[in-house]
Amino acid sequence: MLTAPNNDGRPLFAAKDIIQFFLDNSPKFFPQKKAGIVWNLFDAATGPKYDGKYLHSKIQELLGDTKLSQTLTNIVIPTFDIKLLQPIVFSTFETKYTPLKDALLSDICIGTSAAPTYLPGHYFQTEDHQGGTREFNLVDGGVAANNPTLTAMSQVTKEILMENADFFPIKPADSGRFLVISLGTGSNKQEGKFSAQESAKWGLLEWLYNKGSTPIIDIFFQASADMVDIHVPVLFRALHSEEHYLRIQDDTLVGDASSVDISTRENLEKLVEMGNELLKKPASRANLENGTFEPCEAEETNEEALFRFARRLSSERKLRNSFKLLR
């Protein structure tokens, strides 16, 4: 939405428009059951919680025939192919030399949003100019990379190895030159919902559905994100570039706020409020022992850190544009 072009070649949405978009559309993406009707184990065993029809139609309406190669800036989108049992990373960079991955942006977005048990998987095919085809059987990219920071960094590193002029004169191992902003979607990690004593008594069904959630999926998604929270800060610390990495995450969500799909107006507005409050909180790092987020040594808020990064990126863009004029 932020990188797809409109008819004037400008972003389809400005960042300030995203909140209103979700306030208006989330109740249709995730229609809530009527009072007294509860999604239970029987429902979970007979199909995804939502059919995804409105979500899919809205994505297709907004993105139309826009392909991955047509985005206004380079993007990286992780997905998972359940037929190949293999992560598939869609990258604007790769469309130049892997045309069969230059898929419709709508297909990629539908595929990477197909969270198991919540939304149906997505199948599509691509075709290149020589008539070659490739099929994709995709589910949520969070299965492979719930925090895609390392995925994006590896794509940039690959481009440096291939001597992409956009990254000259950075060397492949020079990750300390990267500026990384990683935005989390919140978690209920500190809620302490389950214990080893409880899980010791679980069978297959309890692992799949328990207390209104899906423990086995929650565990895999959280573990995937946490491993990145462990690796990336250590990498930047080792390169003496800690100030080049900003992770914004709230791991204190509880109740409805931690849900993937409770889209009542009350809960959505509560999430907006929590997001605004998070901007005012100190910039944090994950404690590598217990995984909780703790304030960084640098005394700045998340909002101040974002402004610092924005100034740095703006200066970098001006510098690059001046070099282009000299060529």
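**Cavity, pocket, cores and domains in a predicted model**

Searching the whole structure turns up one cavity of 30 Å³ or more. Here a cavity is a set of points, on a 1 Å grid over the protein atoms alone, where a 1.4 Å probe fits but cannot get out, while a pocket is an open set with protein on both sides within 12 Å along at least five of seven lines; lining residues have an atom within 4 Å of a point. Grid points are joined across faces, edges and corners, and a volume is the space filled by probe spheres set on the points. The model is a predicted one, in which local features need pLDDT of at least 70 and side-chain atom pairs count only at pLDDT 80 or more, while totals for chains, interfaces and linings use all residues. Numbering runs from 1 along each chain as its sequence is written, and side-chain values use heavy atoms, with hydrogens and water left out.

The largest cavity has a volume of about 40 Å³. Its lining is made up of S187, K189, Q222, A225, D226, D229, R247, Q249, D251, G291 and F293. Helix α9 (residues 215-238) is the main contributor, giving four residues to this lining; helices (H or I, at least four residues) and strands (E, at least two) are DSSP runs, numbered from the N terminus. By residue class, the cavity lining splits into two nonpolar, four polar and five charged residues. For this count, Ala, Val, Leu, Ile, Met, Phe, Trp, Tyr, Cys and Pro are nonpolar, Asp, Glu, Lys and Arg are charged, and the others, Gly among them, are polar.

At least two lining residues come from each of β6 (245-248), β7 (284-286), β8 (293-295) and α11 (302-326). The lining of this second largest pocket has eight nonpolar and eight charged residues, with no polar ones.

As for the overall layout, the domain assignment gives domain 1 (5-143) and domain 2 (164-320), with bounds that come from an automatic or database domain assignment. The C-alpha centres of domain 1 and domain 2 sit 22 Å apart. Across the boundary, 20 residues of domain 1 are in contact with 17 residues of domain 2, where contact means heavy atoms within 4.5 Å.

Helix α4 (residues 105-112) is largely enclosed by the rest of the structure, because six of its eight residues are buried. Buried means under 20% relative accessible area, exposed over 50%, and partly exposed in between (1.4 Å probe, protein chains only). The buried set in α4 is L105, S106, D107, I108, I110 and G111. These buried residues pack against α3 (53-63), β1 (76-81), β2 (86-91), β3 (122-127) and β4 (133-139).

L105 shows up again in the largest nonpolar core, which has 25 residues, with F90 and L105 making the most contacts inside it. Such a core is a set of buried Ala, Val, Leu, Ile, Met, Phe, Trp, Tyr and Cys residues joined through side-chain atoms within 4.5 Å. α1 (18-29), α3, β2, α4 and β4 each put at least two residues into this core. A second, separate core has 12 residues, including M153, V156, I170 and V180. With neighbours within four places in sequence left aside, L105 touches A4, L63, T66, K67, L68, T71, I75 and I77.

M153, from that second core, lies in helix α6 (residues 149-161). At 7% relative accessibility it counts as buried. Beyond its neighbours within four places in sequence, M153 is in contact with S175, F178, V180, V232, L235 and F236. M153 and S199 are 46 residues apart in sequence and 36 Å apart in space, C-alpha to C-alpha.

L72, in the loop between α3 and β1, is partly exposed at 41% relative accessibility. Leaving out neighbours within four places in sequence, L72 is in contact with T3, A4, P5, G9, R10 and P11. L72 and A152 are 80 residues apart in sequence and 17 Å apart in space, C-alpha to C-alpha. E163 is found in the loop between α6 and β5 (180-183) and has a positive phi, near 60 degrees, in a residue other than glycine. H240, in the loop between α9 and β6, also has a positive phi, near 55 degrees. E163 counts as exposed at 71% relative accessibility, and H240 counts as exposed at 71%.
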